[in-house]
Amino acid sequence: MAKTLTILITGTRKGIGRHLVNYYRKKNYRVIGCSRGAVDYEFENYEHYKLDVSNERSVKKMFMSIRKKYRRLDILINNAGLASMNHVLLTPKSKAQEIIDTNFIGTFLMSREAAKIMKKNGYGRIINITSVGTQMKLKGEAIYTASKAAVENLTIVMSRELAEYGITVNGVGPTPASTDLIKFVPKEKIENIIRELAFDRLTKMSDITNVIDFLKSKKSDYITGQVIYLGG
């Protein structure tokens, strides 16, 4: 009998993270999620932790619980993220720090602790959600794109450091998707971004899960340190 795979997804209260929870729990994974706030749903094969991914103490406590309960973690999807659409001259340090802490430090802490569990089992998949914005160099997103560029470099270096333990580390860079992350972005700006893509539409959730499904599979065990951007 095939073992039940354990997958941890960050930022599961809404948006992409919430979709990933529903998608993978229907595929009979043991799904663990976390977010700053409580979620308004519950499933038999879903467990939720309320925490800030940039809080090292809270992250360590969650992974200690996962290790005790399941003795393994097969897949980590670092999805939690914050965005700011302010001009750099209008961005306060507090907001910049919050974005860096969530997007970069959170990804680092989650990956580090997940890799400790994965290492013992000689297998693991770490998938970081980044952004096509790092390539497009969009005005008004200096801090956000800088934080995601840091995640991409972290992805590449971690992939080299963790390869000997059977752990792959890759990234997925979606174009804007219809989530709360872009709710307050002017419609004109979203339309301008879409016009620069090969495919003139928003990212669908299935676009994201299609790539994740491949990167988390055993078929991708020779692929690591890559960032796949969606939308051309």
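How exposed is Arg67? In this predicted model, Arg67 is partly exposed, because its relative accessible area is 25%, a value that falls between the limit of under 20% for buried residues and the limit of over 50% for exposed ones.

## Arg67 and its surroundings

Arg67 belongs to helix H2. Residues up to four places away in sequence aside, Arg67 touches Lys116, Ile117 and Lys120.

## The enclosed strand S6

Strand S6 comprises residues 167-173. Since 7 of the 7 residues of S6 are buried, this strand is largely enclosed by the rest of the structure. Which residues of S6 point one way, and which the other way? Ile167, Val169, Gly171 and Gly173 point one way, while Thr168, Asn170 and Val172 point the other way; all of them are buried.

S6 pairs with strand S5 and with strand S7. With S5, the strand runs parallel and is joined by 6 bridges; in one of these pairings, Arg125 has Thr168 of S6 as its bridge partner. With S7, the sense is again parallel, over 3 bridges, and Val172 has Ile228 of S7 as its bridge partner.

## Helix H7 and what covers it

Helix H7, residues 205-216, contains 12 residues. From its first C-alpha to its last it reaches 16 Å, close to the 16 Å expected at 1.5 Å a residue. The buried residues in H7 are Asp207, Ile208, Thr209, Val211, Ile212, Leu215 and Lys216. An α-helix has 3.6 residues a turn, so residues three or four places apart point the same way. The cover over the buried residues of H7 includes helix H1, strands S4 and S5, the enclosed strand S6, and S7.

Is Thr6 buried or exposed? Thr6, which lies in strand S1 (residues 6-10), counts as buried because its relative accessibility is 0%. Apart from neighbours within four places in sequence, Thr6 is in contact with Arg30, Ile32, Tyr70, Arg72, Leu73, Asp74 and Ile75. Among these contacts, Arg30 and Ile32 fall within the residue range of strand S2 (30-35), and Ile75 falls within that of strand S4 (75-78).

## Exposed residues in loops

| Residue | Loop | Relative accessibility |
|---|---|---|
| Asn28 | between H1 and strand S2 (30-35) | 60% |
| Arg71 | between helix H2 (56-70) and S4 | 62% |
| Leu89 | between strand S4 (75-78) and helix H3 (93-121) | 74% |

Asn28 is not a glycine, although its phi is positive, at about 65°. Arg71 is likewise a residue other than glycine, and its phi is positive and near 65°.

Which residues make the nonpolar surface patch? Val88, Leu89 and Leu90 make this patch, whose area is about 360 Å². Leu89 counts as exposed because its relative accessibility is 74%, and the cut-off for exposed residues is over 50%.

## Summary

Thr6 is buried at 0% relative accessibility, Arg67 is partly exposed at 25%, and Leu89 is exposed at 74%. Among the secondary structure elements, S6 is largely enclosed by the rest of the structure, and S6 is also included in what covers the buried residues of H7.

Note on methods:
Residues numbered from 1 in each chain as written. Predicted model: local features only at pLDDT ≥ 70, side-chain atom pairs only at ≥ 80, totals over all residues. Heavy atoms only, no water. Patch = residues over 30% accessible without salt bridge, like charges linked within 9 Å, V, L, I, M, F, W, Y side chains within 5 Å. Areas by Shrake-Rupley, 256 points an atom, 1.4 Å probe, with all protein chains shown as cover. Salt bridge = Lys/Arg side-chain N within 4 Å of Asp/Glu carboxyl O. Helix = DSSP H or I, 4+ residues; strand = E, 2+ residues; numbered from the N terminus. Buried < 20%, exposed > 50% of the residue type's maximum accessible area, 1.4 Å probe, protein only. Contact = heavy atoms within 4.5 Å. Expected span 1.5 Å × (residues − 1). Pairing = 2+ DSSP bridges.
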